[in-house]
Amino acid sequence: MGRGLGIRSLVTLMVVTPLVAAVALMLGLLIITSRRISEELGSEVVANATADISAETERYLASAIRTSELYARRVERGTLPTKGLRAWELPMLDDLVVSRRVDSICFANMEGETTWILRGPGGRLELGRVSGPGPNEAFEFEISPSGVVSTEPLRQYQFIASERPWWKAAMSSPIPLWTPVYFWFGQKGGAISTGTGYTRTINGPDGKPVGALVIDVTLEALSKFLKTLPVTEEGEVYIVDQEGLIVAASHGAVVSQAGERLELQASDGP
C-alpha cells in the first residue's frame, strides 16, 4: 500500500481547494460584471453619440426650414409674384449660393408654372423653367453664381408639378413637412439627384393658397455632412428611414449603381 496523505497535505488541500474555487468564482463574477459594465458603457456611448448626431443633423436641416419660411413670408407680403416667376430667379440664386446646406429651391403655382434652381453635377447651378399651365415642357439652363443664364438649355423634358411627390405632400398637409426620400427625375437616380424636401402650401397676401414650395436636401450632401462629424473618426454613421433604406452614410454608397436606394445590409461599408 502506498503511504496515506500526511496531515500537512490534508490541511493544504482543505484550505487551498476552497480558495481556488472562491478565486475562480470571483474571476467569473468579475468577467461577467466587466462585460456588463462594458456593455452598459458601450450602450451609453452609442446613445450619447446618437443624440449628438441627431442634434447636429437637425441643425443641418434647419437651413432648409429657415429658407422655406423666408419664401413663404416673401409671397405673403407680395414681394414675390405668384405668376410670371422670372422674378424668383435671382433671390433663389442668392440663397442657394449663400446657403451650402440647401440643394434646391422650387416653387410651382396653381396653374403649373414652375421655377427652380438646383445644384447639379460638380456643383453646377441649374435653372428650371416651366411656363404652365398643363403638361408643358421644362427647360433647364446652366446659371452662373453671378446670374448669367446659358443660351442653350441643358435638357428639355415633360414636367407636371402636381404629379411630383413634394406637391402632393404639401397639398395634403395643413402644415409644412419633410417629404419621404424621392428621386428628382423619374423612378431612379444618383445620390446627387435624390433627396428629401421640406415642402409646404404657399398662401398669397389674401391668405389663399397660390402654390407649393419645396426646399431640398440631397442624400449626397447629407452624407458629406455626416463625414465631417468627429464621431466618424472612430466609427461610422448611418441614417435610415422607416422602410430601412439608407438616407445618408458616412461611409459607402446610399444608392446602387443602377440608381436604386439601398437597404442597410446592402451597404458596402464594413
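Me: Which residues do ring pairs link into a cluster with W88?
Reply: This is a predicted model. W88 pairs with Y71 and also with F107. The cluster linked by ring pairs is Y71, W88 and F107.

Me: How many aromatic pairs are there by this rule, and is Y71–W88 stacked or edge-to-face?
Reply: The count is 7 aromatic pairs. One of them joins Y71 and W88, with 5.6 Å centre to centre and 20° between the planes. Planes under 30 degrees apart count as stacked. The Y71–W88 pair is therefore stacked.

Me: How many residues apart in sequence are the parts that the Y71–W88 pair ties together?
Reply: Y71 lies in helix α1, residues 7–77. W88 lies in the loop between α1 and α2. The pair ties together parts that are 17 residues apart in sequence.

Me: Is Y71 buried or exposed?
Reply: Buried means under 20% relative accessible area. Y71 has a relative accessible area of 0%, so Y71 is buried.

Me: Is W88 buried or exposed, and what angle do the planes of W88 and F107 make?
Reply: W88 has a relative accessible area of 0%, so W88 is buried. F107 is buried too. The ring centres of W88 and F107 are 4.4 Å apart. The pair is stacked, with its planes at 5°.

Me: Where is F107, and how many residues apart are W88 and F107?
Reply: W88 is in the loop between α1 and α2. F107 is in strand β1, residues 104–109. The pair links distant parts of the chain, 19 residues apart.

Me: Which residue has its charged end over the ring of Y71?
Reply: The charged end sits 4.6 Å from the centre of the Y71 ring. The cut-off for the distance is 6 Å. The residue is R74.

Me: Is S173 buried or exposed, and which backbone oxygen does its side chain reach?
Reply: S173 is in the loop between α3 and β6. At 17% relative accessibility, S173 counts as buried, because the limit is 20%. Its side chain makes a 2.7 Å approach to the backbone oxygen of I175.

Me: How far apart in space are S173 and T201?
Reply: In sequence, S173 and T201 are 28 residues apart. From C-alpha to C-alpha, the distance is 8.1 Å.

Me: What volume does the largest cavity have?
Reply: The whole structure holds 1 cavity of 30 Å³ or more. The largest cavity has a volume of about 140 Å³.

Me: Which elements give two or more residues to the lining of the largest cavity?
Reply: The lining has 13 residues, and the closest to the centre are C106, W116, F159, W166 and W184. By class, 10 are nonpolar, 1 is polar and 2 are charged. The elements are β1, β2 and β9.

Technical notes. Residues numbered from 1 in each chain as written. Predicted model: local features only at pLDDT ≥ 70, side-chain atom pairs only at ≥ 80, totals over all residues. Heavy atoms only, no water. Phe/Tyr/Trp six-rings, centres within 6.5 Å; stacked < 30°, edge-to-face > 60°. Helix = DSSP H or I, 4+ residues; strand = E, 2+ residues; numbered from the N terminus. Buried < 20%, exposed > 50% of the residue type's maximum accessible area, 1.4 Å probe, protein only. Lys NZ or Arg CZ within 6 Å of the ring centre and 35° of its normal. Polar contact = N/O pair within 3.5 Å; in protein donor to acceptor, adjacent residues only side chain to side chain. 1 Å grid on protein atoms, 1.4 Å probe; cavity = no way out; pocket = protein on both sides within 12 Å on 5 of 7 lines; lining within 4 Å. Points joined across faces, edges and corners; volume = space filled by probe spheres on them. Nonpolar A, V, L, I, M, F, W, Y, C, P; charged D, E, K, R; others polar.
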